[in-house]
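Please keep the sequence and structure in view while reading.

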Amino acid sequence: MSREFNIGVIPGDGTGPEVVAEGIKVLKAASEKFGFSLKFTYYDIGGERYKKTGETLPDSILGEFKQYDALYLGAIGHPDVKPGILEKDILLRTRFELDQYINLRPVKLYEGVETPLKDKGPKEIDYVIVRENTEGLYAGAGGTLKRGTKDEVAIQESINTRKGVERCIRFAFEYTKKRNKGKKLTLCGKTNVLTYAFNLWERAFYEVSKEYPDIATDYAHVDATCMWMVKNPEWFDVIVTDNMFGDIITDLGAMTQGGMGIACGGNINPEGVSMYEPIGGSAPKYTGKNVINPLASMLAGAMMLEFLGLPEASSAIENAIQRAIKDDLKSMEAGKMGMGTKEVGDLISGYVIQ
Ligand code: IPM
Ligand code: MN
């Protein structure tokens, strides 16, 4: 197996570049320690470039993205740019065009991190959400009629294809099997109201489940899922759901694991190029202050190594993060960590090398 990997890096906007710099520091430490090499190529796409040139994601760059072993993203979103433009043209377009059909978001409470959930700890909060990442309400189907009049009509349709749903469900079963923890996969939907879409999901789910007799299956409506994520998070091992529900419940999950400072995600195409990111936004008010928490970006890096086939290096980063949380960091919140962004990067890369 090749021990050389080409990574496309999109630091992006706001605090994106700061967290990416620390993530890369830690990735480099892991590459030295475990004897593989990472070559990073940087792209300046994001709000600043859009303001200067009007360009969001040029086709030529998208073409280059397809050549990498993985992409490593900071954050996209700029206070001077109308919401929706950068998100749609850069983040969603990359997900769609690279067919990153899985959005993998672990909800894991590390020891020493505070959770707002009463009487719950790392044993109870440790599950993974598999969010479909290319269809549903995000597909962009719909339109408006008589816009701006009293008769205005707005339609936004959820697209669910058998192929798209089935490959996502199949990934979730495989992942549950590989994770080998609770051996339970929960489908999160709304079969009582969204009777077309989630009927398709439900049929695909139970049909695919026949190929996985060792994995227990469960179903929960999305509203109930939110309830259980707060009240009984220990019930979950892996949850699979559609794009919109996944977007919503993963933010809830992130809050229960200590907030955006520590929540990472992977936009995964198991057969192609995947993109790893901290799931928090660009946090403009903290930009340039060396106060933002870089752990989510480092965990995204660890997830990237895992999917590149470097599980030891991935675990080394995760263990170093766990150690820093237990021994050194005061909080997961920006400005309250007890040290600066760069210092957290130095500390954790030091632990990785040891
Ligand atoms: C996320 C984000 C994006 C999404 C936005 C920025 C388009 O919230 O990655 O969860 O809705 O998918
Ligand atoms: Mn989101």
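A residue counts as buried under 20% relative accessible area, as exposed over 50%, and as partly exposed in between. By that scale arginine 170, at 27% relative accessibility, is partly exposed. The model is predicted. The protein chain is divided into domain 1 (1-106 + 259-354) and domain 2 (115-127 + 135-257), and the structure holds 24 salt bridges.

**Domain arrangement and interface**

- The centres of domain 1 and domain 2, taken over C-alpha atoms, are separated by 24 Å.
- In the contact between the domains, 16 residues come from domain 1 and 12 residues from domain 2.
- The size of an interface is often expressed as the accessible area lost when the parts come together.
- Here domain 1 and domain 2 bury about 1,400 Å² between them, with 63% of that area on carbon and sulfur atoms.
- Across the interface of domain 1 and domain 2 there is 1 salt bridge, and the count of residue pairs in polar contact between the two domains is 3.
- On the side of domain 1 that touches domain 2, α4 (85-97) and β4 (102-108) each supply at least two residues.
- The largest share of that side of domain 1 comes from β4, with 4 residues.
- By residue class, the side of domain 1 that touches domain 2 comprises 13 nonpolar, 1 polar and 2 charged residues.

**Salt bridges**

- Side chains of opposite charge can pair when their charged atoms come close.
- Arginine 167 and aspartate 99 form a salt bridge in which the closest N and O atoms are 2.8 Å apart.
- Aspartate 346 pairs with lysine 25 in a salt bridge, the closest N and O atoms being 2.7 Å apart.
- Aspartate 59 and arginine 93 form a salt bridge with the closest N and O atoms 2.6 Å apart.
- That pair links distant parts of the chain, with aspartate 59 in helix α3 (residues 59-65) and arginine 93 in helix α4, 34 residues apart.
- Aspartate 59 is exposed, at a relative accessible area of 56%, whereas arginine 93 is partly exposed, at 23%.

**A salt-bridge network**

- Which residues are linked in a network of salt bridges? The members are Arg162, Glu166, Arg170, Glu207 and Glu211.
- Arginine 170 forms a salt bridge with glutamate 211, and the closest N and O atoms of the pair are 2.6 Å apart.
- Arginine 170 is in helix α5 (residues 162-179), while glutamate 211 is in the loop between α6 (197-209) and β9 (216-221); the pair links distant parts of the chain, 41 residues apart.
- Glutamate 211 counts as partly exposed at 46% relative accessibility, and arginine 170 is likewise partly exposed, at 27%.

**Glutamate 22**

- Leaving aside neighbours within four places in sequence, glutamate 22 is in contact with Pro294, Met298, Thr341, Lys342, Gly345 and Asp346.
- One of these contacts, Asp346, is the residue that forms a salt bridge with lysine 25.
- The C-alpha atoms of glutamate 22 and alanine 139 are separated by 33 Å, the two residues being 117 residues apart along the chain.

**Positive phi values**

- Alanine 283 has phi near 40 degrees, a positive value in a residue other than glycine.
- Alanine 283 is found in the loop between β12 (274-278) and α9 (295-307), and its relative accessible area of 24% makes alanine 283 partly exposed.
- Asparagine 290 has phi near 60 degrees, again a positive value in a residue other than glycine.
- Asparagine 290 is also found in the loop between β12 and α9, and asparagine 290 is partly exposed, with a relative accessible area of 24%.

Methods:
Residues numbered from 1 in each chain as written. Chains lettered and ligands numbered in written order. Predicted model: local features only at pLDDT ≥ 70, side-chain atom pairs only at ≥ 80, totals over all residues. Heavy atoms only, no water. Domains from an automatic or database assignment. Contact = heavy atoms within 4.5 Å. Buried area = accessible area lost by both parts, 1.4 Å probe. Salt bridge = Lys/Arg side-chain N within 4 Å of Asp/Glu carboxyl O. Polar contact = N/O pair within 3.5 Å; in protein donor to acceptor, adjacent residues only side chain to side chain. Nonpolar A, V, L, I, M, F, W, Y, C, P; charged D, E, K, R; others polar. Buried < 20%, exposed > 50% of the residue type's maximum accessible area, 1.4 Å probe, protein only.
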